[in-house]
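This report looks at a ligand site and at one pair of packed helices. Please read it alongside the sequence and the coordinates.

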Amino acid sequence: MEKKTFYITTPIYYPSDKLHIGHSYTTVACDALARFKRMQGYDVMFLTGTDEHGQKIQDKAADKGVTPKEYVDNIVEGAGGVKDLWKLLNISYDRFIRTTDDYHIKSCQAIFTKLYEKGDIYKSIYKGHYCKPCESFWTDSQLDENGCCPDCHRPVYEAEEEAYFFKTGKYADRLLQLYEENPQFIQPESRKNEMIAFIKQGLQDTCVSRTTVPWGIPVPFDPKHTMYVWVDALSNYISALGYENDARDGFEKFWPADLHMVGKEILRFHTILWPAMLMALDLPLPKRVFGHGWLLINGGKMSKSVGNVVDPVVLCERYGVDAIRYFLLREIPFGNDGSFTNEALISRINSDLANDLGNLLSRTVAMAAKYFGGTLAPTGVTADPDAEVTALIGETPDKVAAAMDQLLIPQALMEIFRLIQRANKYIDETAPWALAKEEANAPRLQQVLYNLCEALRCAAILLNAYLPDTAPKMAAQLGLDPAGLVFANLGYGKQAGYTVRKGEALFPRIDVSKELEELAKQDEARKAEAKGQAAPAQPAPEKSQEEPEAQEHLPEITIDDFAKCEMRVAKVLACEKLPESKKLLKFRLFDGERERTILSGIAKWYQPEELVGKQVAIVANLAPRPMMKGKYVSEGMILSAADSQGNVTVVLFPDSVKPGSQLG
Ligand code: MSP
């Protein structure tokens, strides 16, 4: 039987500067989806590439005194360029398209001619506003309240010139019908409504050529015009499959695309202009377009022009590629914006990767080595918690697959980590070290360790799509051939036995406070270097000794001050005492978007079990704080009331209030 196909694309990147961690997000997410589909047995085509024409590139090249082609060649193919970054991040793309490739140019010209011959492209005069950085034309009504670009809010300039237009407006009704008949087409749902509103306000035809931007694909029948970069760029999705060219193939096999993954700011091009072009070409339409949110830094979009970019290469060198992949895939709620902070990254590495995953593997392998010389087989001596663990091993793959089908990558990871956490709890419940004290318990002990190896084996298979460096390392420590990390091997009991081999810790724990101090020093040094000064020799001054005494009533604040505080309802998933502290309880909470850890000094008033499953109020935008000498990071605060004797009561909400609901 022929394999089912899956065609997934990233946007093609502007190689106008080095790519940052925000760009890496889309590509890593697509990579995880592509790997997952391959493991499910699909014949996958994963396309990425670069969008190399346009005014911006032309200007950058002129600044550097090189030709535009030399400029992009260096950023795409040169050392530390786009291709090197994808190699570093283990991006398993099948094809890489550059819009300066001859075959792409040939396809674009054929597409433009077809649209012209069909009467969907016509010549007229363009009068309007042009945003250079976004390479977008805007009408009066589309400009923002300051008369600037509605996307980047930078000034636009007036343009009037002869130009070709594509009849986008003609397709307005068919586009609305497309959205209605295919609820999957635009995702998430909320973004669909934005697109409908945009069309309903009156869809203008699109200006698709310029006479003042030489760095573009010439219009074949009128070469003083070059094509609008978006027509050129969007066509990559079919030119890469050999549409109207002989240099590539796969159009019959892979088109229409199963998924175009794009950032939310370019969703409009993919759900209006692109389907309208395809309708005009009488081609099938992509099945799904997903508009993901942005990676924010200090509340703003990470971007080179703002100067707040984080370099993925630096992060990978410091923490390892899989730690960065995991952070991107796990931390950013799919479809919504997510924030990058060093604290959040370190906290994820420590809590999920070092504590949960790393510890489970090292404890299991160490016990197997200690008690059985490393070699194990099931003995059939089962007891109570086994059924729960083996059932979870059985159920997890379907849950992960269901989440991946809905593009809920963080949820898919959560399911895998639920299994890992359950297995860790199983160690505590079965206490292998206690079983090991009696020779008679050896068969039970062996069964327990076999069960743990099975949980780890299945977790490794599933994790292979997200952590492609780590999963084979797990397999090696379990004594398995990494080639066996395939979905066909999922399921409890599929491995007859194990001969484990101790290895290095998968993710060494990071000392949070030392690390943050080190990063702050590096940041200082970088800033000083940028200013051409030496880093300050003296540490920052200690807090002044003359601070006023704490006041019973705080000074008055404005409504704007209050609005800075984001308070939300969160559900307590787990709560435990900390062995190192009499005061603190450690909470794992779900805040409506993601899980987070909060340490709260209420151990004197509450037993952990009392609060599990309850809904509390949290301050959600408090900067994460390292606690207990950096061993933990607390990501917020749980609201409680203290009476005049200092007795504390936590604010609780009934189940009818959804986690994530805002207080105000
Ligand atoms: N060249 C166009 C795409 C054409 S597709 C036919 C383009 N290029 S881009 O380099 O500016 O952006 C590529 C992708 O990176 C976009 O999906 C964009 O949303 C994404 N990101 C850029 N900065 C980002 C963040 N800070 N966070 C998340 N994604 C971000 O647009």
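What follows describes a predicted model, beginning with the ligand and its surroundings.

## The shell around the ligand

The ligand has 26 residues around it, among which Ile-12, Asp-51, Gly-263, Glu-265 and Leu-295 come nearest. By class, this shell comprises 14 nonpolar, 9 polar and 3 charged residues. At least two shell residues come from each of α1 (21–39), α8 (229–234), α9 (236–239) and β11 (259–263), and the element that gives the most is α1, with 4 residues.

Of the 660 Å² of accessible area that the ligand has on its own, the protein covers 95%.

## The packing of α15 and α16

Helix α15 (residues 384–405) packs with helix α16 (residues 409–430) at an angle of about 170°, and their axes are 8 Å apart. Because angles over 145 degrees count as roughly antiparallel, α15 is described as roughly antiparallel to α16.

On the α15 side, the residues making the contact include Val-389, Leu-392, Ile-393 and Lys-399, while those of α16 include Ile-416, Leu-419, Arg-422 and Tyr-426. Sorted by class, the contact between α15 and α16 has 12 nonpolar, 3 polar and 7 charged residues.

How values were computed
Residues are numbered from 1 along each chain as its sequence is written. This is a predicted model: local features need pLDDT of at least 70, side-chain atom pairs count only at pLDDT 80 or more; totals for chains, interfaces and linings use all residues. Side-chain values use heavy atoms; hydrogens and water are left out. A residue is near a molecule or strand if one of its heavy atoms lies within 4 Å of it. Accessible areas come from the Shrake-Rupley method with a 1.4 Å probe; for residues, only the protein chains shown count as cover. Ala, Val, Leu, Ile, Met, Phe, Trp, Tyr, Cys and Pro count as nonpolar, Asp, Glu, Lys and Arg as charged, and the others, Gly among them, as polar. Axes are lines fitted to C-alpha atoms, for helices over the stretch in contact, and angles run from 0 to 180 degrees between N-to-C directions. Angles under 35 degrees count as roughly parallel, over 145 as roughly antiparallel, 65 to 115 as roughly perpendicular and the rest as oblique. Contact means heavy atoms within 4.5 Å.
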